[in-house]
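Hi,

Here is the structure I promised to send over.

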Amino acid sequence: MFLKKWAVIGIPAVAVALGASGAARAAELVVNGSFESTTHGGGQMGFNTNATGWTTTGYNFIFPEGTADSGGVTGQYGNLQLWGPNNGSANGLPATSPDGGNFVAADGAFEGHVAPIEQTINGLTVGASYDVSFYWAGAQQQGFDGATTEQWQVSFGSETQSTAVWHNPDHGFSGWMHETFTFTAQNTSELLSFLAVGTPDGVPPFVLLDGVSVVASVPEPTALSLMALGLVGLGAVKLRRRG
């Protein structure tokens, strides 16, 4: 009889805890984090195309799947491509990111043209923590030679965190990487900003971005397990006291 009562109290407690976690993770706050919704397809953001929900005045581009090293896109200074297998560099640049579809490429060293990609995130709770996650990579503009460095500086309101600096060899590509930063909301709305940082100016370094997500932070699975076990144990203690 004791085991049956323990199961009735314990299992729902675990289910409620895990269910609450799933609901928190599902609350996506970014609009168009995969850059699939655009005004005119691929091209230079703020010049001949835009990504829904995002703004920028920098030398930043949207590449549809398979175009980065094959055909490229058009910007204010003409056609732009990245070094890749389809135009002379066996650096492993794939057709798209792990997120699929479009991705962003930002020049972090074009003097007078470097500016962040931004979106205002609404519906925040002051004092709460939020996870900003994204895919990123370091690449180079086709037609130029030399080593480069690439990095993202990510701001959420007044807080800024940075990825590692990637050192790319001549005609290089870093491979796609996944990053998650945790920020604390100071207001109910905060400006999310991605600023490309690169060197040198004469060998255009491009930082790639895709799959941007902002969700409320939730406890790690281990913490959830301990909480569930605690609830189960509390229920068992109460049953023993009743017995």
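Starting with the contacts: in the protein chain, 72% of those with a separation of 6 or more are between residues 24 or more positions apart (contact means heavy atoms within 4.5 Å). Before you read on, this is a predicted model, where local features need pLDDT of at least 70 and side-chain atom pairs count only at pLDDT 80 or more, while totals for chains, interfaces and linings use all residues. Residues are numbered from 1 along each chain as its sequence is written, and side-chain values use heavy atoms, with hydrogens and water left out.

The protein chain has two helices and 13 strands (DSSP runs numbered from the N terminus: H or I of at least four residues for helices, E of at least two for strands). It has 243 residues, and 45% of them count as buried, meaning under 20% relative accessible area with a 1.4 Å probe, protein chains only.

Next, Thr67, which sits in the loop between β2 (60-63) and β3 (73-75). Thr67 is buried, at 18% relative accessible area. Beyond its neighbours within four places in sequence, Thr67 touches Gly72 and Val73. A polar atom of the Thr67 side chain is also 2.7 Å from the backbone oxygen of Pro64.

Two residues separate β8 and β9, and Gly157 in the turn has a positive phi of about 65 degrees. Phe156 is opposite Glu159 in β9.

Cheers

Conventions:
Buried < 20%, exposed > 50% of the residue type's maximum accessible area, 1.4 Å probe, protein only. Polar contact = N/O pair within 3.5 Å; in protein donor to acceptor, adjacent residues only side chain to side chain. Pairing = 2+ DSSP bridges.
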